[in-house]
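User: I'm new to this one and would like to learn how to read it. Could you walk me through it, feature by feature?

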Amino acid sequence: MTAIDYTQEIPVVEGRPTASQIDEVVSIPMNTKPGKVWKVLIAITSLMLLVGSVALGYTFYYGIGMWGNNNPVGWGFDIVNFVFWVGIGHAGTLISAILFLLRQRWRTGIARFAEAMTIFAVMCAGLFPALHTGRFWLDGYLFPYPNQNHLWVNFTSPLLWDVFAVSTYFTVSLIFWYVGLIPDFATLRDRTTSKIKKTIYTLFSLGWRHSTRHWQHYEKIYVILAGFATPLVLSVHTIVSFDFAVSVIPGWHTTIFPPYFVAGAVFSGFAMVQNVLIFVRQAFNLKHIITLNHLEKMNQVMIVVGMIVGYAYGMEFFIAWYSGNDFEMFTFINRALGPYAWAYWIMVTCNVVSPQFFWFKKLRRSIPVMFVIGIIVNIGMWFERFVIIVTSLARDYLPSSWGMYTPTIYDFGILIFSFGLFFTLLLLFVKTLPVVSLSEVKAVVDGAQPSHKGGH
Amino acid sequence: MEEKKIFSVAALFDTPDDITRAAKETNVAGYTKYDINTPYPVHGMEKAMKLKPSKLGIITFLLGVGGATFAVLFMSWVAIVDYPLVIGGKPFFSWPAFVPITFEVTVLSASVGTVVAMIALFFKFPHNSHPLHDTNYMKRVSSDKFGINIVAIDPIFDEAKIKEFFAKLGGKEIETIYEEPFPKDIKMFDKRFIGVLVLIAIVTAGTSYLVLNKLLYIQPFTWMAEQDKGLPQTKSEVFSDGFTMRPPVDGTVARDYVPYEYKGLKDSAVVNLSNPLPFSKQVIEKGKTSYDTYCSPCHGNFGKGDTRLRDQFPKPPTLHSDKVRNWTDGNIYHVITNGQNIMPSYDKQISRDDRWAIVYYIRVLQRSQNAKDSDFESNK
C-alpha cells in the first residue's frame, strides 16, 4: 500500500477537467437520444407503475378495505412505506445542506442528484398518508383554511404536524433544488442549438447572467437555505417519529424515537443514493466527477449512522427492562421471539451486521460489495419500520384485542407503484436535467479559484 | 438606418487571477457601473469589486419572525377564541404542542419568501431581454471564461478608452455590446393579441366555473352515504300507511312506564292526585332539567310563554296567569300527562317522577315571578 500524503487534500474532481469539458460531459445525456439500457429501464419502471396503478385503482374504487389493515393493526404497509420513503429523502438534504454548512467540498458532485432523489422520495412518501385517509378526494381538509363549517384542524395533533412537516420539507427542498439549477439552466441555454430547448431553458433560467452582483446574493441565499434545511430535515423525521412516540402504545412511547428515526433515515437514504449513483457514474461517464472517494465517504457515513441505529435497538431493550414496565418488556421480548421474530432478525442482520463490512477499506471501495450492502440496508430499514409499526399494534395491552397483520396483494401493488414512480422520475431526471451541478463542480476543480498569493 | 445604442464594452479573461486583477484595476480607474460575469462564483470577487455585503439576511429574518408570529397568533386564536376545544384535558393555550407547526411555518415563510425576494426584488427577474443575452460574451462566460463589461451609463464611459484599458489588462475578444432596438410597431388592437386575451378569459372563466361549481361537489363514491334503508321523516313504500317511522306494537309497555289511570278524566285527576315527591332542592333541580328540555321550547325558560313561537302558533300560554297559579298540583300534572288543546301528551317522553318534579319547578317559577314582600324578608 502506498503512503498517503496527508498534507495534500485529495482532489474533489479527478483529472482536472476544464470548465467546457465539464459542460460537455454533463450535457451529453440531454443532447443524445436515449440508449437501449435507458429504454429497457424505463420500460421496467413504467410496468411497475402500471401494475401499481391497478392496485391503486382497486383501492380507489373499493376503498382501503382492500388492504391488509385491520383492527387492531390500523397502520400497515401504508405507514411503513410512508416512513420508509421519507427516510430515503433525508440523505439528499443531508448532502446538500448539512455537508454544505460543514464545508465538505466533495458534496458538490453528488448534491444535485441527491436533492432530486429527496424530492422524488418525498413525493412517493406523500402518496401513502394521502391514500391512507380513505376518502382521499377530501384530503384538502388536512390543511387549515376558513371553511363553511367553521372547523379548524387540530393543531395539537402529531398527525397534523406531519402534514406541515412533510409539505414544508417538500416545498423547501424543491426551491433549494431550483435555486441551484438556475445558473445551470443559463449555461445550457447558451450552449444548446435546439430552438425548443432554448425556449425551455430561457424560461427556467429567468434571465440569469452569471453576474457577480447576482452571485453575491446567490451565495448568501445558499447559506440561508442550507441553514434552514438542516434543522428542517431533522424536524421532519422527528415529527414523523412523534406520530408514534406521542401515542401510548408500548414500544412507541419512547423519547429515543426522534434521534433514532433521524439516524435510520440518513442510513437508508445514503444506501439508496449510493446505489443509484453507482449506475449513474457508470452510465454517463461521470467517474471523474462522482469518484470512488465519494462512494467511500458515503459508506463511511453509513457505518456511523448504522452504529447509531444498532445502539438504538440495544437501548430500546435496555430501557424496556430498566423502566420496569411489564408491557414494554413484553413488547420487546415479543419483537425478538414472537410471531414477527423473523422480521425482527432480518432487521438486525441487515442494519447492524451488514454495514460492519465497511470497516475494511477494500470492501468499502469495492463497487459490487457496496452495492449489495446498500440494497441489504434498505431492505433492513424497510423491515425496521415494519417491526416498529406492526409488532407494537398487533400485541399491545389486552391479549383479547391482539390480532395478526397480513398484507394483501394490493398492499404490495402500491409498494411497487411507489418504486415505479421513484425510478421513473429518476430516469426522466437524468435525461432532462444536469445530474451534476455545473457551476458548483467548476468552482471546486483544482485551479478554479484565484491562487492566494500571500493568503487571504 | 438608425444608429444603435451602446450598452457596454466587454472583454474576456482566461483565469480567475486575471479577472480578479481586472476588477481591482477597473475600480482604481474610477469606473462604477461595471459588472463581472463568471461561470461560477469566484472567491474574493466581491472584495475586488468593493461590493457591499448582501442584505438578503434581513429579509429572511423579518419573514421568519413574521411567519412565527403569525403561526402562534393564528393557532392561539383558533384554540382560544374561534373554536375552543378541550383536547386531552390540556389548557386551550397548550404552547408546547404549537412548537412543531410554528417551526415549520417559520422555515416555510422565511425560505420561500427569501427566494422570491431575491429573484424578484434583488435580481429584477425574470429578465430575458437583457442586451447581454445571446452575445458571444454571454456564451463564453456561461461556460468557461471570465468576463468584465463596463456599462454605458457609467459617468466616465468612453468606448475607445475602455477598449484600450481592457487591452492593456490582457483582455481578449474585446467587443462593444449594443442594445436591442425597441420594436416600434406594437399595436394595442392586434388581432392575435386580442385572440390570446379572449382565449385566456374563456379558459380562466371556464376552469373556475367547472372547479368551483361542479368539481368541488362531485363525490367519487358515495356508497357509505347512500344506503338502502328507511330514514326518519320519509315516505315508505313498504308499509301500507306510508310512514317509515313505526309506532310500537299495540300493548307494548316501555321499561319503567306506568300507565296513566286518569287519561281523559281531568276532574278526578285534579281531586285525587297530589305530588308524591319530597319538596327538596335536588328534586327542583331535576325538574329544572326536564322543564328546560321539554317545556321551555314553547313556554319559555321562565314560563312566561314568550318564546319565538309566540306569534306564529296558537299562543303558548304563560304559566304565571292567575288561572294556572290557582291550579292544584294534580291539575298541572294532568295537563303534562294527558295533553290539552294543541299540547300533546308527554307521558311517553317524560317519566312519572320527572313530571312531578316539573310540577315543583313550575311552582318555583311561579313564586319567583310573583314574589311577596315576605319572601324578601325571609331571605334577610
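**Reading the model, step by step**

Analyst: Let's start with domains, whose bounds come from an automatic or database domain assignment. For chain B, that assignment gives domain 1 (1-182), domain 2 (190-246) and domain 3 (266-372). Keep in mind that this is a predicted model, where local features need pLDDT of at least 70, side-chain atom pairs count only at pLDDT 80 or more, and totals for chains, interfaces and linings use all residues. Residues are numbered from 1 along each chain as its sequence is written, while chains are lettered from A and ligands numbered from 1 in the order in which they are written.

User: How far apart are the C-alpha centres of domain 2 of chain B and domain 3 of chain B?

Analyst: They lie 48 Å apart. The C-alpha trace of chain B spans about 125 × 65 × 35 Å along its principal axes.

User: What does the radius of gyration say about chain B?

Analyst: It is taken over C-alpha atoms, and the globule rule is 2.2 Å times the number of residues to the power 0.38. A compact globule of 380 residues would come out near 21 Å, but chain B has 44 Å.

User: How do I check a helix, say helix 7 of chain B?

Analyst: Helices are DSSP runs (H or I, at least four residues), as are strands (E, at least two), numbered from the N terminus. The expected span of a helix is 1.5 Å times one less than its number of residues. Helix 7 (residues 191-214) of chain B has 24 residues and should therefore span 34 Å; its end C-alpha atoms are 33 Å apart, which agrees.

User: Which residues touch the most other members of the largest nonpolar core?

Analyst: Such a core is a set of buried Ala, Val, Leu, Ile, Met, Phe, Trp, Tyr and Cys residues joined through C-beta atoms within 7 Å. Here, Val86(A) and Phe267(A) touch the most other members of the 144-residue core. Helix 7 of chain A gives the most to this core, 16 residues.

User: And how many residues does each chain bring to the contact between A and B?

Analyst: Two residues are in contact if their C-beta atoms, placed from the backbone, lie within 7 Å. Chain A brings 51 residues and chain B brings 58. Helix 7 of chain A supplies the largest share of chain A's side, 15 residues.

Technical notes. Buried ≥ 20, exposed ≤ 12 C-beta atoms within 10 Å, placed from the backbone.
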